[in-house]
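Please read it alongside the sequence and coordinates.

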Amino acid sequence: MTELLVKNACVIDPLRGINAETMDIAILDGKIVEEVSDAAEVIDARGMLTLPGGVDSHTHICGTKVNFGRYMSPEDMRAGRTPRQGPLHATSGYSVPTTYGNSYRYSVMGYTTLLEGAMAPLEARHTHEEFVYTPLQDTMANTLFDGNWGIMEAIRDGDTKRVAAIIAWTLRAVKGFGVKLTNPGGTEAWQWGKNVSCIRDPVPYFEVTPAEIIRSIVEANELLGLPHSVHLHCNNLGTPGNYSCTLGSLGLIPDLNEKRQTLYATHVQFHAYGGSDWKDFCSKSEPIARFVDMRPQIVMDMGQVMFGRTTTMTADGPMEFNLYRLHHEKWSNHDVELETGSGIIPVIYRRKNLVNSIMWAIGLELALLTKSPWQCLLTTDNPNGAPFVKYPEIIGLLMSKKYRDAEFATIHPDTEARVPLPAIERELDWYEIAVMTRAGQAKALGIQDLGKGHLGPGADADVAIYPIRMDEVDPSAEYQKVIDAFSRTEYTIKRGRVVARRGECLVDGSNATFWVSPKVSEAYDMGKDPDFIEKFDRYYTVRMRNYPVQEEYLNRNRCIETEARI
Amino acid sequence: MIVKDAVCPFCGCLCDDIEVEVEDDRVVAVTNACELGTTKFMGEKRMKSPILRDGDRWKDITYDEAVQYAADMLLSAERPLLYGWSGTHGEAQCVGVHMAELVRGVIDNTSSVCHGPSILAIQEVGHPGCTLGVVKNRADLVIYWGSNPIDAHPRHLSRYTRYAEGFFLENAFRDRKVIVVDVRKTETASIADEFVRIKPGGDYAVLSALRAIVQGKTDTIPRTVAGVAREQLIRVANLCKSAKFGAVYFGLGLTMTRGKYKNIRNAIELVSELSRHTKFTISAMRGHYNVYGSNEVNTWMTGYPFGIDYSRGIAFYNPGETTAVDILARKECDAALIVGSDPAAHFPRKCLEHLADIPVVQLDPYPNATTAFCNVQIPVAVTGIDAEGTAYRMDGVPIRTRKVLSTDYPSDREVLSRMYALMREALER
Amino acid sequence: MKVTLALKPAARSFIPIEAESIVPKNFLDGTDLPVWRGNRELRLDEVFSVSVEGDADRTEDVEVVLSGETFRLKRVGEYMDGGRVTILGDIGMHCGNFMSGGTIEVRGNADGWLGREMAGGTIVCRGDAADYCAAGYRGGRKGMTGGTVEVFGRAGDFLAENIAGGTVIVHGDAGDMPGAEMRGGTLVVHGDCRRPGANMKGGSCYVYGTAQGMLPTFRKIGTVQHEGHTLIRFAGDIANRGKGNLFVKAYEYLD
Amino acid sequence: MTFLMITGRTVNQGVTVENKTSAEYAAETSTCFMHEFDMLELGLDDGDTIRVTGPCGEVVMRASASVEVETGTVFVPYGPYANHIVAAGTRSTGMPDFKSHDVEIEPTDEEPKTVYELMEDLGGLAYDR
C-alpha cells in the first residue's frame, strides 16, 4: 500500500467544475481517494497550479510511420541527445525523438496520457511495441479505417452494420482504441497515385464517396458504443480553399451521442484555408469557428504550427507527395495493403514565409474564436505543426495578446491583410487552458469515466503541479513565466508516483494501454464470416491467424468492453 | 502434431503460412516453405551446452558461468562491439540496446554488410514504398534490380509478384510484366519479360540515364550506357511510365558495388521521378528474417537504425566509422558480443584477425565459423522454432513468430536479460 | 602561446581517442581538458605530454602542435573558430568538423571526414586525405558551406560530397564520386577521378585530369580556358534538373 | 588471368548456411562459377581446383562452369572462402566491396581447406564436437 498526500494544491479540475480552489489531494495505490492515513508521504504544493495529468488527444509518437520518420532523419537525431543516467535511458532527436525522448519530455511537461493519432491495423504490433518503451504515459491508438476494402464494400452495399462489425473485429484484433479516418477514400485512391479532391469524389473501383464513408462510419461507431467518436482528418488537407470541404465534411455529422461529440475533427488549422491558390492564400478560421460554435456534436483540435524545423507525417500519402513537390526535400511514402497509407517529409516553417505565417495565425484563431474551449483542444498534431515541446509557447500565445502582438511583428508583413488574428483581443484563462490540455481532451476521448482528465476520487492519480501561482502572475503581461511553468512541472505524478521533478525524470515507468473490445452478436462476428475470411486469405499477405496483436504486447492491459447494438 | 501458420525465420519474406509437423519434439515435415526455410526448420546440429575455450581445447561450462563471463567481459571493455541481431527476435534486440547503452559500447547489426547502404540512401532522399500486398494486388510492372529472388528469396515471386494472384489484375501472370536488371543472367533473369544486362559497376550510370529519359531528356544520353543500348533504356522508361503501378525490388547488386548507397539513392530518385507520372514504389529485398526488426528496434530506442556508438554515453551514428567491419578491421574494439549472426563467415579476413585477438562471446544455436573465434559460446533456442517473438518483414510488417516445439534451450532474450541484470547489479554496486 | 601535445605511447593503442577539446580557444584557460579513450574519460595529460610556451589572451595567438602516433586521434579542431593547429604526423577522423575559423595544418595524412560540415577557416593537408574529405553528414544536409580545404596528396571517395560553399582543392587524384550532390562552392581536382559531380545541381567542379566512368547525364557545352588548362565544359547533372558546371580535361564513359 | 569476382547468395548457400561445419556448406562456398571459355583458356575442367588471389591473400576453390556469368567475371557464393581474400575497406560506408574485387586465378593441385582450417589460419580454433 502506497499513500501520498499533495497538500495546499491550487486545483483547477474542469470536469468537476473546480476552478482555483486550494485543497489536498489524497492518493492510495495509484488512485485518487477521499483521504489517506497519517503515514502517507506528503508533498507540499505551496499553492502552486495543480491540474490533472495532461492528455494529448492527437499526437504521433509510436508506430511504423513515426519510426520511419526517425529512421530517415539522422540529422534530426543530432539534437536532443542525452546519455543514460540512473534509471533513465539515453535519448536522441528533436522533432521525432526516440520513444524515451518523447516520454521523458512529455512527462516533464506534466503529460500522462497520449493518444497515438494513426495506427495502420496491419502494423499495429509495431505501435504496441513502442508503447512499451514510452514508459511514463498511458497510451492508446487511433486505428485507421480510411481505405479499408471490406468497409468500403459494405458501404457500397449500404450495410452499416457490417461496417460496424468489421470495425469491431479489427479494433479487437489490433488492440485499437478509436476509429481514425485520414483523408477517407483518398488513401485508397493514392495506391493508384490518385486522390479525391473532396467529399463527393468517388473512390476508384469502390465507387463510394468520402461523404458516404464518413457518414456510415460515424453511425457504425455509435452502434458499437465506442468511448471515443470518429476521429477525422478531413480530405484535402493543406490546400488553399479547403475550408469549404472542411465545412462540408462537418456538415455531414448528426448529433448522435449525449456524452460527447459525434465527430472529432483533427488538426483543423490545416483544413481552414481560403483562397484559390498560394498567391491569394488566407485564413478561414472564422467560418469554421462559427460553424463549430453552433454544433455541439463537433470537437476539433488546433494543429497549431510553430516556426522552426519539424517532420510532417500522416497517413495522408497524396498530401505528403504534394508537399514533396513543393519542397523537393526527402520524401517517404508507405502504402498499406487493403487499409491505408502514410507519407513523411521534413519541413521548416519560416517566419519570413507568408504561407507559414498565415498557418501560424490560423491555429491560434481557431482556439480564440471558438467560444467553448471544450470544442477546440490544444495540439500541434505533433510533430506536424511543431514538436509538442512547443505547447508551453502556444499556451503563452493563447493567454497573452501582448505576446501575440510581439510575435506578429516578426512574421511576414503581408500576413495582416490575410488573417483576423490582430483584431482578436481574447486571452484565455487558466481554466480554459486546463480544459484544452486535459479535461476537454479526456472528455472528447471518452476516458473521463476511466479515471482520466480529472482528480475526483477513483481517478487515476495522474497529477501535474506547475511551479506557478495564479494569484502572483498576470499571464497577459508575464507570459514568459507561464511558458516556463508549463515547460517543466514542479512534480509530475503518474499512477500515484512522482515520475518527474523540476524538469528531471526520476523513474523508468510502466505504461498502460487502453483498447476497446466491442461485444457483437454471433452473426456479426467477422472472425466467423466466410466471405470476410475468404477475402482476407486471398488478398492480405499475412494469415488471418497471425494478424491479431497478442496480449503479450500490452504492458498493462486496460481493455474497455462495450455493448454493441449489432 | 501439426502447427499451422508458422512463421519462417529465414529470409525477409517472413512467410507465415508454413505448416510444421512435429513428432517427439522433432520437426519431421514442413509444408509450404521453400528449400531454405525447410532446411532451417529441420536443422538438427545444435550445440549442446555452453562452451569455453581453454587454450587449444573446448570445455563445457554452465549457463551461469557463461553469462557471468560475458557480463565481466563487457564491463571491463573500453569499446565493446555488440554485433549481429538480425537472427533473433525483437524482444532480445531491445535488451541488446539497453546493454550497449549501459556498457557504453557500439551496437551494430548485419544491415551494415547488407542493406546499410540502402538506409544511408533513404536518409538522404526518403523512401516511397509499400507493403508486399499492395504490389501483389496492384502491380502490373515489377523490376528486380540487382536482386535474385529465385536464390535468395525463393517465394517472393510466387507470393507477391510473378506467380501471385492480384485483386486488380484479371490474369495476373499475363498482365504483370517483370523486368530484371543484373550483371549476371541469373535464373530470375530467365523468367523476366525484359532482361537488362549491365556492365559491373554501371548501375549508377544506367539509373541516371533513366532519370533523364523519364524527364524527356534523351538527347544527351550516349548510344550505350554501361553496356545497355539507349534504345533499351528508352523502352524500359516507357514501360515504367505506362504502367499503372510499378514496383522496384533491389538487392545487394546495388548495395555492394562501387558507389554503394549512391546507387540506391539514384534508384529512389528514379522512382520519385516516376511518381510524377504514375504510381511507383521501391523496396529493398532484406536478407535475414528480422534484420528489418533490428533496424526498427534500434531506431525507436537509439534514433538510428544501425552502427550506434554509445562510447560517450549519447548515441553517435556514422556508418563507415561506427560499423562492425570498419571497427574490426581498424582494431577499434576490445571485446565482442555476437548475437544471431556469423561474422566469421561473412566478414573479410582482416576483421577475423582482430576477432582472434579480443575476447568474444557468441549466442548461437549452432556451431558456426565464428565459434572458432569465441572464448565462450552460449547455445540458445531458435526464434520461430523453439522460441517465439517479434520479427519485421522486409516491408516493415511485424509478425509474431510461433514456437513449434519445446526444448530446454533458453531464448536469446532470456540469456541477454540475465547478462543485463548482472551488469546493472555490478554497476550499481 | 604554443601548446605542444606529444601523444604518449599506450598499451591499448588501437582504441581511438576522441579529443574535441583540442581547439586553440580552450587552451586560453589552461590545459585541464578531458579526452576520451573509448568509454573512459581521461585527462589530457594522461594521454599527452603537455608543454606550454608563452601565453595568450586571444584565440588567434594560440598554436597547438600535435606530435606522436596521432592517426587514431579523432575530432581534433572540432568547432574551431580561430588560432592554429599543426599536426606533425597523421590525424584521425573528423579533424576540423564544423570549423569556422583559424588554420589546421596536417603534415601527414588525414583520415576520413576531414573538415566535415566546415563553415570557414583553412585546412591544409600535406599528405593524403581519406574518404569524405570536406563532406556532409549522414542524412544529406548541406556539407561544407565555407572556408578552404587544400590537399596536396590524393583524396578518397566522396570528396566534397554535398558541398554548398567554400573551396576544395586536391593536387593529386581523387577517388570515386567527388562532388556528389554538389549544390554550390568550388571543387578542383588536379589529377584523375571517377564519376565527378554525380547528381550535382549547382557549383563548379574542375578536373584537370581524366574523369573516368563519366556519367551519361552531363550535357557537353564547349571548351573553356581555365588557369592554363583547356577544359571541356558540361552542364548537369540533368538527371537532377541540375544547373552545375563540370569542367574536365578528358573523360571516358563506361559504355 | 585476372577476373572480376562477384559474391552473392545462392540457394545452396542458403540451405547450408545454418550448418557451417558441413561438407556441403564448404563445397558450395568454395565454388567459383566461371564462364566456360575462361575455363578452357585456363585448361580447367568442372571441379578442378584453382588458386584465387585477391588483394588480401589467396584461397583454393573449385571451378564450376556457369552460363550466368560473362567472360572475365567469376561468381562465388558468400562465405568464408571468398572472404578470405576480400579486402576490409568499406570506402567509409560500412560495406566492403563484396562485388567488385579483381582476382588472379590459376590452376593448382592443392585441395580447398575446410572452413575450420581457414579459421585456424586466422587464429581461430576448430570446434568439432
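A residue is called buried if 20 or more other C-beta atoms lie within 10 Å of its own, exposed if 12 or fewer do, and partly exposed in between, with C-beta atoms placed from the backbone. This is a predicted model, in which local features need pLDDT of at least 70 and side-chain atom pairs count only at pLDDT 80 or more, while totals for chains, interfaces and linings use all residues. Residues are numbered from 1 along each chain as its sequence is written, and chains are lettered from A and ligands numbered from 1 in the order in which they are written.

1. Trp113(C). By the criterion above, Trp113(C) is buried, with 29 other C-beta atoms within 10 Å. Its phi is positive, about 60°, although the residue is not a glycine. Trp113(C) is placed in the loop between strand 9 (101-106) and strand 10 (122-125) of chain C. Helices (H or I, at least four residues) and strands (E, at least two) are DSSP runs, numbered from the N terminus.

2. A cis bond in chain C. The peptide bond from Gly236(C) to Asp237(C) is cis, and its omega is near 0°. Asp237(C) belongs to the loop between strand 17 (229-236) and strand 18 (244-253) of chain C.

3. The loop between strand 18 and helix 13 of chain A. Two backbone features fall here. The bond from Asn382(A) to Pro383(A) is cis, with omega near -5°, and Pro383(A) lies in the loop between strand 18 (376-377) and helix 13 (391-399) of chain A. Asp381(A) is also in the loop between strand 18 and helix 13. Its phi is near 55°, a positive value in a residue other than glycine. Asp381(A) counts as buried because 27 C-beta neighbours lie inside 10 Å.

4. Chain C overall. Chain C contains 1 helix and 18 strands. Its radius of gyration (taken over C-alpha atoms) is to be compared with the globule rule, 2.2 Å times the number of residues to the power 0.38. For 255 residues a compact globule would have a value near 18 Å, and the 19 Å of chain C agrees with this. The C-alpha trace spans about 60 × 35 × 30 Å along its principal axes. Of the 255 residues, 57% count as buried. Two residues are in contact if their C-beta atoms, placed from the backbone, lie within 7 Å. Among contacts in chain C between residues at least 6 apart in sequence, 34% join residues at least 24 apart.

5. Chain D overall. Chain D has 5 helices and 6 strands, and their order along the sequence is β-α-α-β-α-β-β-β-α-β-α. The radius of gyration of chain D is 14 Å, close to the 14 Å given by the globule rule for 129 residues, so chain D is as compact as a globular protein of that length. The C-alpha trace of chain D spans about 40 × 35 × 25 Å along its principal axes. Of its 129 residues, 56% count as buried. Among contacts in chain D between residues at least 6 apart in sequence, 72% join residues at least 24 apart.

6. The largest nonpolar core. A nonpolar core is a set of buried Ala, Val, Leu, Ile, Met, Phe, Trp, Tyr and Cys residues joined through C-beta atoms within 7 Å. The largest one has 454 residues, and those with the most contacts inside it are Ala267(B), Cys133(C) and Ala134(C). Helix 12 (residues 354-369) of chain A gives the most to this core, with 11 residues. The domains of chain B. An automatic or database assignment supplies the domain bounds, giving domain 1 (45-113 + 289-428) and domain 2 (116-284). The C-alpha centres of domain 1 and domain 2 of chain B lie 34 Å apart. The contact takes 11 residues from domain 1 and 8 residues from domain 2.

7. A sheet in chain B. In chain B, 9 strands form an open sheet of mixed pairing, in the order 5-4-20-19-18-6-7-16-17. Strand 5 (57-60) and strand 17 (316-317) stand at the edges, each with a single partner strand, so one side of each is left without a neighbour in the sheet. Two strands pair if DSSP finds at least two bridges between them. Strand 7 (residues 106-109) and strand 16 (residues 308-309) of chain B pair in the antiparallel sense over 2 bridges, and Ile107(B) stands opposite Ile308(B) in strand 16.
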